[in-house]
Amino acid sequence: MTPPQPDEQSYDDQQSVPLDQASHLLTSFTQFLTVCIHSILYYRSIYPSHTFLTSRAYNFPVHQSRHPKVCSWIRDAVDAVKVQLVLGVVERIAVVIYDGKARVMERWMFDVAGFPAWKSFKETRGIRADEEDDSAEGADNAEGSVENKINWANIDEQLRATIRKLVFASEKMGPLPGGCTFTVAMELRDEGEAPIGHPQLWIPTQSNLQAKSRDKQTPGHDLGGARTTPIRTVEAGPLFFECWVEEGKAKELPLSHTSI
């Protein structure tokens with residue numbers, strides 16, 4: 001099964017969202033993405049279960065790593081994704097799991113091609129995903145004027161349901177080989193500029209995971225994987241994205257070939 005494909009949408013055609021709503025939406029999605037990454041690491045046993053604590057998000061029990069370096073890395077990764085989301089250049093976000101030989105085991109996909117463009121949102125640098133409360137407070141003050149446009153309770157409910165489906169999909173999948181690692185990757189729109197600068201937060205991914213583009217007509221052979229499991233489509237006001245998980249072709253090999 002191939003991943004769900006959204007309608008093609010150019011950068012200029014993206015829906016624009018007012019500043020007061022943008023802060024709330026960015027906070028909601030980046031917090032959701034953070035919870036998803038921690039959940040994937042826990043349920044796919046990337047780190048031992050005793051290194052996680054149990055918490056709640058969206059009134060749903062979730063697991064969060066207790067290791068300071070892991071938490072810091074995830075925050076930095078989500079912050080870097082947020083900057084590109086604000087610019088409207090991201091098409092897909094992937095949490096990629098590799099085995100000990102750097103072969104793709106799984107790709108947990110978040111298709112944000114239908115996201116709005118926050119072209120008037122200037123705070124693209126210097127705000128961490130866990131420090132957005134102050135900026136979100138400004139949106140709270142304007143909530144009375146936008147509450148008829150965005151149903152925040154509906155957004156939280158859909159994000160909670162997505163996390164529940166992600167957990168269910170994780171538990172249904174077979175175990176991964178030992179020694180797996182992970183990273184966070186982005187696929188950019190053709191119109192988007194690569195995030196090149198100093199410090200260099202992003203590096204090009206391997207050719208086997210390069211998406212088709214104007215400069216690369218053939219997509220990487222590991223894209224799509226051997227199997228694809230849909231998770232959920234979220235559609236709540238201007239917030240629209242799709243989630244699925246791709247199981248890599250290397251998982252089809254006998255266990256003796258995938259272990260270290």
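What follows is a conversation about a predicted model of a protein chain.

Visitor: What should I know before reading the numbers in this predicted model?
Guide: Residues are numbered from 1 along each chain as its sequence is written, and side-chain values use heavy atoms, with hydrogens and water left out. The model is predicted, so local features need pLDDT of at least 70 and side-chain atom pairs count only at pLDDT 80 or more, while totals for chains, interfaces and linings use all residues.

Visitor: How many helices and strands does the protein chain have?
Guide: There are six helices and seven strands. Helices (H or I, at least four residues) and strands (E, at least two) are DSSP runs, numbered from the N terminus. Along the sequence, the pattern is α-β-β-α-β-β-α-α-α-β-β-β-α.

Visitor: And what share of the residues is buried?
Guide: Of the 260 residues in the protein chain, 50% are buried. Buried means under 20% relative accessible area, exposed over 50%, and partly exposed in between (1.4 Å probe, protein chains only).

Visitor: Which residues touch the most other members of the largest nonpolar core?
Guide: Ile93, Trp108 and Phe241 do, in a core of 56 residues. Helix H1 (residues 19–43) gives the most to this core, with 11 residues. Another core, of six residues, lies apart from it and includes Ala94, Tyr98, Met109 and Trp244. A nonpolar core is a set of buried Ala, Val, Leu, Ile, Met, Phe, Trp, Tyr and Cys residues joined through side-chain atoms within 4.5 Å.

Visitor: Turning to rings, how many aromatic pairs are there?
Guide: The structure holds 10 aromatic pairs. Rings of Phe, Tyr and Trp (its six-membered ring) pair if their centres lie within 6.5 Å; planes under 30 degrees apart count as stacked, over 60 as edge-to-face and the rest as tilted.

Visitor: Why is the pair of Phe29 and Phe115 called edge-to-face?
Guide: The ring centres of Phe29 and Phe115 are 4.9 Å apart and the planes stand at 75 degrees, so the pair is edge-to-face. This pair links distant parts of the chain, 86 residues apart: Phe29 is in helix H1, and Phe115 is in the loop between S4 and helix H3 (133–141). Both residues are buried.

Visitor: What about Phe29 and Phe241?
Guide: Phe29 and Phe241 also form an edge-to-face pair, 5.2 Å centre to centre with 75 degrees between the planes. Phe241 lies in strand S7 (residues 239–247) and Phe29 in helix H1, so the pair ties together parts that are 212 residues apart in sequence. Ring pairs link Phe29, Phe32, Phe110, Phe115 and Phe241 into a cluster.

Visitor: How many disulfides does the search find?
Guide: It finds zero disulfides in the whole structure. A disulfide is a pair of cysteine sulfur atoms within 2.5 Å. For Cys243, the nearest cysteine sulfur is that of Cys36, 6.4 Å away. Cys243 is buried, with a relative accessible area of 3%.

Visitor: Which residues does Ile231 touch?
Guide: Leaving aside residues up to four places away in sequence, Ile231 touches Trp108, Thr162, Lys165, Leu166, Cys243, Trp244 and Val245. Ile231 is found in strand S6 (residues 227–236) and is buried, with a relative accessible area of 6%.

Visitor: How many residues does helix H5 have?
Guide: Helix H5 (residues 152–172) has 21 residues and reaches 30 Å from its first C-alpha to its last, close to the 30 Å expected at 1.5 Å a residue. The expected span is 1.5 Å times one less than the number of residues. Among the buried residues of H5 are Trp152, Thr162 and Leu166. At the start of H5, a side-chain oxygen of Asn151 comes within 3.2 Å of the backbone nitrogen of Ala153.

Visitor: Finally, where is Asp99?
Guide: Asp99 is in the loop between strand S3 (90–98) and strand S4 (104–111), and is buried at a relative accessible area of 3%. A polar atom of the Asp99 side chain lies 2.9 Å from the backbone nitrogen of Lys101.

How values were computed
A polar contact is a pair of N or O atoms within 3.5 Å; within protein, one must be able to donate a hydrogen and the other to accept it, and residues adjacent in sequence count only if both atoms are side-chain atoms. Contact means heavy atoms within 4.5 Å.
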